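Open the structure in your viewer and keep the selection panel at hand. The stops below tell you what to select and what is there.

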Amino acid sequence: MTGKERREQLLDVGRELFAERGFDGTSVEEIAARAGVSKPVVYEHFGGKEGVYAVVVDREMQCLLGMVGDALVADHAKDKLEGAALALLRYVEEHSQGFRILARDSHAASGTGSFASLISDIASQVEHELGAEFKARGYDPKLAPLYAQSLVGMVALTGQWWLEVRRPKREVVAAHLVNLAWNGLSKLDAKPRLEGGGRRRGE
């Protein structure tokens with residue numbers, strides 16, 4: 001096995017273990033044993049489990065961001081929303097180990113931030129699209145970040161739930177998410193208010 005092949009093998013093994021047990025529950029000994037090598041081989045390639053984890057998390061984050069980014073090239077706003085929802089669910093389905101690692105909240109050892117920061121990265125891509133759409137519809141574009149975080153968070157949390165139940169089918173889940181999001185966005189109040197006016201209970 002070449003050095004490059006060994007490195008990829010260790011990353012594959014590390015991804016499996018981190019998905020199963022998390023960062024703290026995984027040791028260099030376990031990575032080495034599952035890969036059929038000695039501990040010094042892991043240290044030689046990555047310096048320790050922190051190095052393995054950092055590369056795994058970075059690759060998964062770039063993969064997910066790339067898939068969502070590719071989905072936002074559609075011309076129509078609703079098509080972009082559909083594409084982004086499908087892309088995230090496709091990532092959950094096809095890269096379930098990676099999503100489990102990211103959704104655990106990336107360990108500080110990765111140096112690449114947390115699941116919350118990943119959601120923010122995706123939301124920043126959506127924010128630009130929403131800002132333009134808000135401006136065209138007469139809404140305050142300064143509120144685009146709030147709605148972007150809400151939409152992406154909704155899809156991401158649904159993805160975590162769907163990862164465990166795996167039903168209904170991906171396209172059905174995406175259709176319902178888009179239904180909720182799009183119909184809500186299409187009927188936004190320009191200046192929403194709470195019905196209770198913010199009164200405390202009993203007032």
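**Stop 1: the largest cavity**

The largest cavity has a volume of about 40 Å³. This is a predicted model, and the count comes to one cavity of 30 Å³ or more. To find the place, select F134, Y139, D140, L143, Y147, L188, D189 and A190, which line the largest cavity. Colour them by class: six are nonpolar, two are charged and none is polar.

**Stop 2: helices α7 and α8**

Next select residues 115-137, helix α7, and residues 144-165, helix α8. Their axes come within 7 Å and cross at roughly 130 degrees. The two helices are therefore oblique to each other, and α7 passes α8 in a right-handed crossing.

Which residues in α7 and α8 meet? Show the side chains: on α7 they include F115, I119, I122, V126, L130 and F134, and on α8 they include Y147, L151, V152 and A156. The residues of this contact divide into 14 nonpolar, five polar and one charged.

**Stop 3: the largest pocket**

Now select A77, L81, V126, L130 and L151, which lie nearest the centre of the largest pocket among its 29 lining residues. About 410 Å³ of space lies in this pocket.

Then show α5 (77-94), α7, α8 and α9 (170-186), each of which supplies at least two residues of the lining. Which helix gives the most to the lining? That is α7, with seven residues. By class, the pocket lining has 22 nonpolar, two polar and five charged residues.

Conventions:
Residues numbered from 1 in each chain as written. Predicted model: local features only at pLDDT ≥ 70, side-chain atom pairs only at ≥ 80, totals over all residues. Heavy atoms only, no water. Axes fitted to C-alpha atoms, helices over the stretch in contact; angles between N-to-C directions. Helix = DSSP H or I, 4+ residues; strand = E, 2+ residues; numbered from the N terminus. Parallel < 35°, antiparallel > 145°, perpendicular 65-115°, else oblique. Left-handed = near helix turned anticlockwise from the far one by under 90°. Contact = heavy atoms within 4.5 Å. Nonpolar A, V, L, I, M, F, W, Y, C, P; charged D, E, K, R; others polar. 1 Å grid on protein atoms, 1.4 Å probe; cavity = no way out; pocket = protein on both sides within 12 Å on 5 of 7 lines; lining within 4 Å. Points joined across faces, edges and corners; volume = space filled by probe spheres on them.
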